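I opened my notebook to look up a few things in this structure. Here is what I wanted to see before going through my entries.

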Amino acid sequence: MHIPFCVKKCPYCDFYSITDAALKKSFVSALIKEISMAGRNSPVFNTLYIGGGTPSVLSENSISRIVEAAYDSFNILPHTEITIEVNPGTVKPEKLKEYKGAGVNRISIGVQSFQKSNLNFLGRIHTVEDADLAIKWARDAGFENIGMDLIYGIPGQTRKSWLYDLEQAISYESEHLSCYMLTYESGTPMKKDLEKGSFKPLDEKTAGELFTATVEFLAGKGYAQYEISNFARAKNLRSRHNQKYWSFAPYIGLGPSAHSFIETRRCWNKASVTAYIKDLEEGRPPIDGQEVLSREQMMMESIFLGLRKADGIDVSEFNSRFDEDFFKILGKPIGDFEKKGLVVTNRKSCALTLKGVLFLDSITSMLVGQDF
């Protein structure tokens with residue numbers, strides 16, 4: 001569920017959101033209508049992810065209503081993973097306790113950094129102190145599965161300063177860490193500032209070294225990498241929901257700009273809160289477009305998504321899904337990459353090495369460029 005509101009837009013973010021809080025009430029009513037509409041003849045679910053935007057700008061009552069509506073309309077299993085994303089600058093102890101009481105059992109806190117200069121560069125509304133309090137309040141509220149988002153590759157960042165952020169993060173004994181490399185997305189204010197020469201980006205070599213340092217440092221602290229950007233203290237603490245995106249599990253997206261996928265059809269909602277509300281008030285699904293993926297497209301996405309996972313591409317699953325022999329159609333380029341130490345294979349999987357991850361885009365381009 002995409003909650004499209006933010007107190008302030010971060011300059012690096014290209015997700016759809018607005019800062020007009022006046023539309024929140026109408027949006028929640030529209031979302032509940034969409035939930036009811038989408039719940040008809042739906043499959044069984046074991047995850048619910050409330051993302052954004054900044055879901056924590058909504059009141060405790062709104063989140064409770066949304067979760068309740070989901071249970072009323074969808075076939076949601078017991079012990080479902082229910083996640084909410086929060087910004088440290090938008091929560092208080094009472095709000096977090098209400099979220100927990102509403103059934104939310106996993107929280108993802110957008111910390112990004114424990115250093116003031118980094119938070120200022122990233123345009124975050126919260127302070128280091130806000131982050132500290134939000135994490136402690138979440139634990140006090142009863143959350144036993146806490147994740148944090150961190151960003152690295154910030155201009156001027158060094159190995160030492162990045163490891164400081166990681167040290168701070170693990171000091172809270174959080175169950176999950178998502179460490180994202182800063183990217184400059186087209187159309188964002190940060191990308192425009194970069195093009196104007198307002199700052200100098202971190203060079204690729206240093207950024208690559210920070211990635212390697214991340215994996216090695218967290219491994220030494222008991223956090224296993226299971227996807228390029230994601231680390232968990234135990235297998236059962238991995239994001240159950242996000243793993244679905246990487247394995248072609250069906251999912252339903254609700255809210256403005258949200259995407260849905262039920263093999264082989266993908267559709268997406270209008271990226272406009274006002275248009276979204278209007279459609280639902282008039283009884284129409286707020287769909288903006290759709291596509292049916294061809295067999296070749298599914299194979300390409302399976303390769304790209306599989307290589308993002310630490311376990312790599314499940315060869316038997318690939319062969320079964322596409323009635324193909326993975327190593328027969330991709331054996332030559334895979335063999336070349338293996339000789340260069342970029343991938344490691346066995347009869348069951350094909351995965352990138354730590355070195356190979358640094359060349360993910362070029363490796364993927366060469367593999368999906370093969371004649372299927």
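Predicted model: local features only at pLDDT ≥ 70, side-chain atom pairs only at ≥ 80, totals over all residues.

**Entry 1: a helix pair**

I looked up helix α11 (residues 295–308) and helix α12 (residues 315–322), and found them packed at an angle of about 175 degrees. Their axes lie 11 Å apart. Angles over 145 degrees count as roughly antiparallel, so α11 is roughly antiparallel to α12. Next I listed who makes the contact: α11 brings Arg 295, Met 298, Met 299, Ser 302 and Ile 303, while α12 brings Phe 318, Arg 321 and Phe 322. Sorted by class, I get five nonpolar, one polar and two charged residues in the contact of α11 with α12.

**Entry 2: the three-stranded sheet**

I then traced an open sheet of three strands, ordered β12-β14-β13, and its pairing is antiparallel. Which strands stand at the edges? They are β12 (313–314) and β13 (343–345); each has a single partner strand, so one side of each is left without a neighbour in the sheet. I checked β13 against β14 (residues 349–352) and found antiparallel pairing over three bridges. Within this pair, Val 344 stands opposite Ala 351 in β14. Helix α13 (residues 326–339) packs on this sheet and touches β12, β13 and β14. The direction of α13 makes about 135 degrees with that of β13.

**Entry 3: the eight-stranded sheet**

My next stop was an open sheet of eight strands with mixed pairing, in the order β1-β2-β3-β4-β5-β6-β8-β7. Here β1 (2–3) and β7 (224–227) stand at the edges with a single partner strand each, so one side of each has no neighbour in the sheet. I picked out strand β3 (residues 75–86) and strand β4 (residues 106–112), which pair in the parallel sense over four bridges. Val 86 has Ile 109 in β4 as its bridge partner.

**Entry 4: a pocket**

Last, I turned to the second largest pocket, which holds about 330 Å³ of space. How many residues line the second largest pocket? I noted 15, with Ala 38, Ile 252, Ser 260, Cys 267 and Ile 287 nearest its centre. The elements giving two or more residues to this lining are α1 (24–38), β9 (259–262) and β10 (265–269). By class, I wrote down 10 nonpolar, three polar and two charged residues for the lining.

Notes
Residues numbered from 1 in each chain as written. Heavy atoms only, no water. Pairing = 2+ DSSP bridges. Contact = heavy atoms within 4.5 Å. Axes fitted to C-alpha atoms, helices over the stretch in contact; angles between N-to-C directions. Parallel < 35°, antiparallel > 145°, perpendicular 65-115°, else oblique. Nonpolar A, V, L, I, M, F, W, Y, C, P; charged D, E, K, R; others polar. 1 Å grid on protein atoms, 1.4 Å probe; cavity = no way out; pocket = protein on both sides within 12 Å on 5 of 7 lines; lining within 4 Å. Points joined across faces, edges and corners; volume = space filled by probe spheres on them.
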